[in-house]
Amino acid sequence: MQYVSTRGHSGRKQFCEALLEGLAPDGGLYVPETYPRVDHATLDAWRTLSYANLAFEILSLYVGDIPSVDLKAICAKTYTPEIFGKPDIAPLRKLERGLYLQELSNGPTLAFKDMAMQLLGNLLEYELDRRQENLNILGATSGDTGSAAEYAMRGKKGVRVFMLSPRGRMSAFQQAQMFSLQDHNIHNIAIDGVFDDCQDIVKRVASDLEFKQQYKIGAVNSINWARLLAQVVYYFSGYLQASERGATSVSFAVPSGNFGNICAGHVARMMGLPISRLVLATNENDVLDEFFRTGVYRVRSRADTLETSSPSMDISKASNLERFVFDVLDRDAERTRSLFADQLGERGSFDLSGESRFAEAAARFGFRSGRSTHADRLATIRDTWKRCKTEIDPHTADGVRVARRHASSDTPMVVLETALPVKFGATIKEALGREADRPERLKGIEELPRRVKILPPDVQAVKNYIWGIVVDAIN
Ligand SMILES: *Cc1c(COP(=O)(O)O)cnc(C)c1O
């Protein structure tokens, strides 16, 4: 399998090239040349596989440049009950008739991002060792991504992480999770500023090509194809579990921000997995709900991006949407480039409502959408606790809320659980009037010693800090 860019100008790449590059050189996103089809007989044969072996089978269809024995070993080492806290890795839990929760948040940082990031850590370590190269991962986080990246890369050979976060603005639990890591290859940088300051610094460092090359700066953001591919696996696992109970097709509801998670569902469906509907849930930042309802994609300004109680979905634009639009346009790379490079650059929006292809797309690709608000979120957390005796986090609550609106009696609906409630304790307290449940191993992490460097919101200060660490390691 080879990979092409959604903007059509980057040639064909192997899996590991796309893994290390992230963004294609023409600014587009890597997608597989075709989606391999999985027939019913194969699906049935996969029923008895462990999660790690299911991951291996699916990855094998997409990875042409890692020998099978190695790929199998990477999957086996990634998806273990020790790391993911449950024997089945991503089990379904019944909420009520026809409505299930797929548990994806029992990994090290209690959010679904571990499902992909843990694999990415092992793939990167493998490939860097094979090439005898190093990588310095630079990122900005408001919470979940940074911690998932750090827990995936800690102790990995050839990899260092420099993670910027806005000082004092993550939840107390999230700060404790990141700053308590003592691994020498993990560097927390708290910036005196807001998340946007952090993101600007990362962008400016990455656009200094000389610095970028000299210090081997890379990223692990959600547009990385390997992350998306890892997420395809749990849709297969969710379908196989739900269909064991007799259903012939299954719908998924996905709390969405950057469109990474649900894009993996789109890929699974294109591979022939019997997914009836892909229900996209947003919070008050409803860029994506608007797009699916109207065909207009309108990037929000900073001032128009709200701070909500499901903060990991507070996006102004959806960085993975380009992959889906590429498919909607029957893989017309020129048109995709003109929409995402030209029109978004010039006006901050584009409009597909006049395209017959867009009108057909919702039906053809099974998408539905909806939005949820703070009040909906609180009511859903309360109601799910009262009726189903299950505590859900605010993001998952957005998913459950929108799922209920699109439920149908003949098709089971699986809501993807994107985080555990303890990560967002304040909202749980507001909804339930008590503290969220906390796994035993995470009791008292707020009291652990912290390792974090505080810097001003200044590009040069961050470059100097990286330079100091890298040079120190060489000497
Ligand atoms: C990242 C994240 C999301 C959004 O996922 P996307 O792949 O960006 O759509 C939703 N909920 C939680 C808890 C997250 O961490």
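**Salt bridges in a predicted model**

Me: Which residue forms a salt bridge with Glu96?
Reply: This is a predicted model, where local features need pLDDT of at least 70, side-chain atom pairs count only at pLDDT 80 or more, and totals for chains, interfaces and linings use all residues. Residues are numbered from 1 along each chain as its sequence is written, and side-chain values use heavy atoms, with hydrogens and water left out. A salt bridge here is a side-chain nitrogen of Lys or Arg within 4 Å of a carboxyl oxygen of Asp or Glu. The closest N and O atoms are 3.5 Å apart, and the partner of Glu96 is Arg387.

Me: How many residues apart are Glu96 and Arg387?
Reply: Helices (H or I, at least four residues) and strands (E, at least two) are DSSP runs, numbered from the N terminus. Glu96 sits in strand E3 (residues 92-96), Arg387 in helix H17 (residues 374-388). The pair links distant parts of the chain, with a separation of 291 residues.

Me: Is Glu127 buried or exposed?
Reply: Buried means under 20% relative accessible area, exposed over 50%, partly exposed in between (1.4 Å probe, protein chains only). Glu127 has 3% relative accessibility, so Glu127 counts as buried.

Me: Which helix holds both Glu127 and Arg130?
Reply: These two form a salt bridge, with closest N and O atoms 2.8 Å apart. They lie three residues apart, about one turn of the helix, in helix H6 (residues 113-131).

Me: What is the relative accessibility of Arg298?
Reply: Arg298 pairs with Glu290 at 3.1 Å between the closest N and O atoms. Both belong to a salt-bridge network that also includes Asp286, Arg300 and Arg371. Arg298 counts as partly exposed, at 36%.
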